[in-house]
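I opened this model to look up a handful of local features. My entries follow in the order I made them.

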Amino acid sequence: MRGPLGAVIGRYPSSDGTTQLGGIIRHNRKCRDIAFLVIFIAFWVAMIVNSSFGFNQGNPLRLTYGLDYKGNVCGDKHANPGLRQLELRYWLNPNQVYQSGLKHSQFKLANARSICLFDCPIPSEDSLNWVCDYPEGDIRLSMVDWIDRNYDYFEFLTPEMRNTSLQLQGPCYPVIFPSVNVYWSCQYIARASNMSLRHWQQMGGVNINEDIVIDKSIHRSINSRSSVLKRYMADIGKSWPVLIVCGGLLPLFLSVLWLLMIRHFVAAMPWITVALFNILIISVTMFYYLKAGWIGNDAVSPIIGEHDPYTRVSGRELNHLRVAAIFMSFVMVVSILTSIAIVRRILMATSVLKVAAKVIREVQALIIFPIIPYAILSIFYMFWISAALHLFSSGQVIQNNCNANCCAYDLVSKRVNCDRCCGYGIRYTPHIAVAIFFHLFGCYWATQFFIACSSTVIAGSVASYYWARGEISPEIPFLPVFSSMKRLIRYSLGSVALGSLIVSFVESIRFILESIRRKLKVADTTAHSGFRKMAFHTSQGCLRCVEWTIKSVNRNAYIMIAITGKSFCRASAIATELIMNNILRIGRVNVIGDVILSLGKLCVSLSSAVFAFLMLDTHKYRSSHNRISSPLFPVLVCWGLGYVVATLFFAVVEMSIDTIILSFCQDSEEHQGTAQYAPPLLIETLNDQNEMQRLTH
């Protein structure tokens, strides 16, 4: 049996047996788990190196815009020629587009000749329009004049150039099909202009295929999984003001407001939290229904700008929103039923929250302390998101090795070139995928680390408050929060790094297993697939339980680290033993308090999601230049950021309750079942058996 903690966290005897004052959580400490602190620092160095690779190789424009026939990214003002505001990719040769759409064709759309334009060309009603290559060589036009002429300089071509153009080898190509801007690519509509075709045929042009395949090819490319993922990442970059307001400032304000209301209106807060949670989750669900088009006429559309009302183009983004709407409907129903089930327990939560409210009133610096880790995390997230966008867009732009039988006129060499007519693509090497995974893992570990540091500081501050009861007031540190910060930085950073690493590692393993399960679910249709599916579901469930247990143990371990200064493993053992010895006494109280606090965090994060929906629905994010493909990812990121911010601030209440209860348990053990240092309100809450029975039955 371990010895009492009084020598560490309360009064401790001197060598002559007399009681010394001033020993509150300060005695007999030394640095712990140094090796894991070194690992964490090395990991940060690796994160910086990894991010520098992304900044060096990446270009976020690639996430939104395509490549032209020279390998330039559309919209890049530094390209040659400069493509500022020329953001739309247009495929010049309709027959190449047709060939790429045939089922057994070896020709890919990525190899079709494409160019960057300001708007999508449409056929003329009384003549034949042309779109020509960028002016160079003997074509003495500036880019501005070329744009003003609607990309047409056919009249300036030599007879040889006109002949190659009629063979669909350039430098000019006919506009036979109307096109519409679909996510910054000109989607062909298989509705050829009869007048343009007649002019083309009269001029002796080669046969142009008019099959429906011609628009399916582009549509399939635009809706590929990689293209959709790139657009989602680009949405995050475009909506950065929404992330700052709804993912940073709004949850900061709401979290501080919630803490102030806990301090002054503690009796009403559980009821307000439960009611607000249900209102918000219904609101978020309705927003998903609106954007999915199941309510009203405001569904997301892949078409950007004005278009023919008879044109119908759908994308994966709409399907993803519908899946999200169905999922949120299920969550909404479960949440409402759960809220009804816990109504009878809310009085118990009120008694627990009163204890935390008293701590907050006594140690007033606790309300403003989370602003410090909030500021650190804000800086980290801005750097991390920027690096993530560059990593996702990193890769080398190279010309495809298509081995296709295609030729195009070269204005510089003044001849038809059949050797370099293949299109350009971005080559992603395996190490880029590893770099992205490393970057994601680093974000999760860093977030867990800063939350753990914040929790440990709060626990140390509250423990100072608890174990100073009965002492003269000068024994309480003047600023217990800053004293706790000093102890953390000096002695316990390694222990916190270890605890956050364990949580991050388990979560990463669960993510990997989930990815493997999804791949097997698609690929495996044999008789053994049912057994494999059951095995993976079982492993996922076990990992979720392990993850939840580790997070719970970690939180209590941080408390004992703050109180005792022990290593992470030793502190976990002490906390677990205390909880197991007092599980019947504190279990019901702690669980219902955690439920209310979790609902409070969800209220803040759901509020962030609602306001993100409202901001993304404004004209700025519906116009052509800043248009986002879907509100799904920005809203999810705002929800996640809001939850992290709420976790930082709600830890004041959460850790106050847990620290007070663990200290109470230790106090009771050291004094034969009667806590000597406990505040009267806590004794009344935990020791009044009649009250406990009334609240729980």
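Is Gly58 buried or exposed? I found Gly58 buried, with a relative accessible area of 15%. I took buried as under 20% relative accessible area, exposed as over 50%, and partly exposed as in between, with a 1.4 Å probe and protein chains only.

**Ground rules.** This is a predicted model, so I noted that local features need pLDDT of at least 70, side-chain atom pairs count only at pLDDT 80 or more, and totals for chains, interfaces and linings use all residues. Residues are numbered from 1 along each chain as its sequence is written, and side-chain values use heavy atoms, with hydrogens and water left out.

**Gly58.** I placed Gly58 in the loop between helix H2 (34-57) and strand E3 (88-91). Helices (H or I, at least four residues) and strands (E, at least two) are DSSP runs, numbered from the N terminus. Next I listed what Gly58 touches: Phe53, His390, Ser393 and Ser394, leaving aside residues up to four places away in sequence. Contact here means heavy atoms within 4.5 Å. I also checked Leu389, which is 331 residues from Gly58 along the chain. The C-alpha atoms of the two are separated by 7.8 Å.

Strand E7 (residues 179-182) pairs with E8 in the antiparallel sense, over 4 bridges. Two strands pair if DSSP finds at least two bridges between them. I traced Asn181 to its bridge partner in E8, Cys186. There are 2 residues between the strands of this hairpin, and Tyr183 takes a positive phi near 50°. Then I looked at the faces of E8 (residues 185-188). In a regular strand the side chains alternate between the two faces of the sheet. Both faces of E8 are covered: Ser185 and Gln187 are buried on one side, Cys186 and Tyr188 on the other.

**Helix H5.** I asked which residues of H5 (residues 159-166) are buried. They are Met161, Thr164, Ser165 and Leu166. These pack against strands E5 (130-132), E6 (172-174), E10 (408-410) and E11 (415-417), and against helix H6 (194-202). Leu168 follows H5 and has a positive phi, near 60°.

**Aromatic pairs.** I counted rings of Phe, Tyr and Trp (its six-membered ring) as paired if their centres lie within 6.5 Å; planes under 30 degrees apart are stacked, over 60 edge-to-face, and the rest tilted. By this rule the count comes to 28 aromatic pairs. Tyr374 and Phe649 form an edge-to-face pair, 6.4 Å centre to centre with 65° between the planes. Tyr374 lies in helix H14 (residues 371-392) and Phe649 in helix H20 (residues 632-670), so the pair ties together parts 275 residues apart in sequence. Tyr374 is buried at 10% relative accessibility, and Phe649 is buried at 0%.

I then checked Trp639 and Tyr643, a stacked pair at 5.6 Å centre to centre and 20° between the planes. They are 4 residues apart in helix H20, so about one helical turn separates them. Trp639 is partly exposed at 33%, and Tyr643 is partly exposed at 27%.

I also noted one aromatic cluster, whose members include Phe40, Trp44, Phe380, Tyr381 and Trp445.
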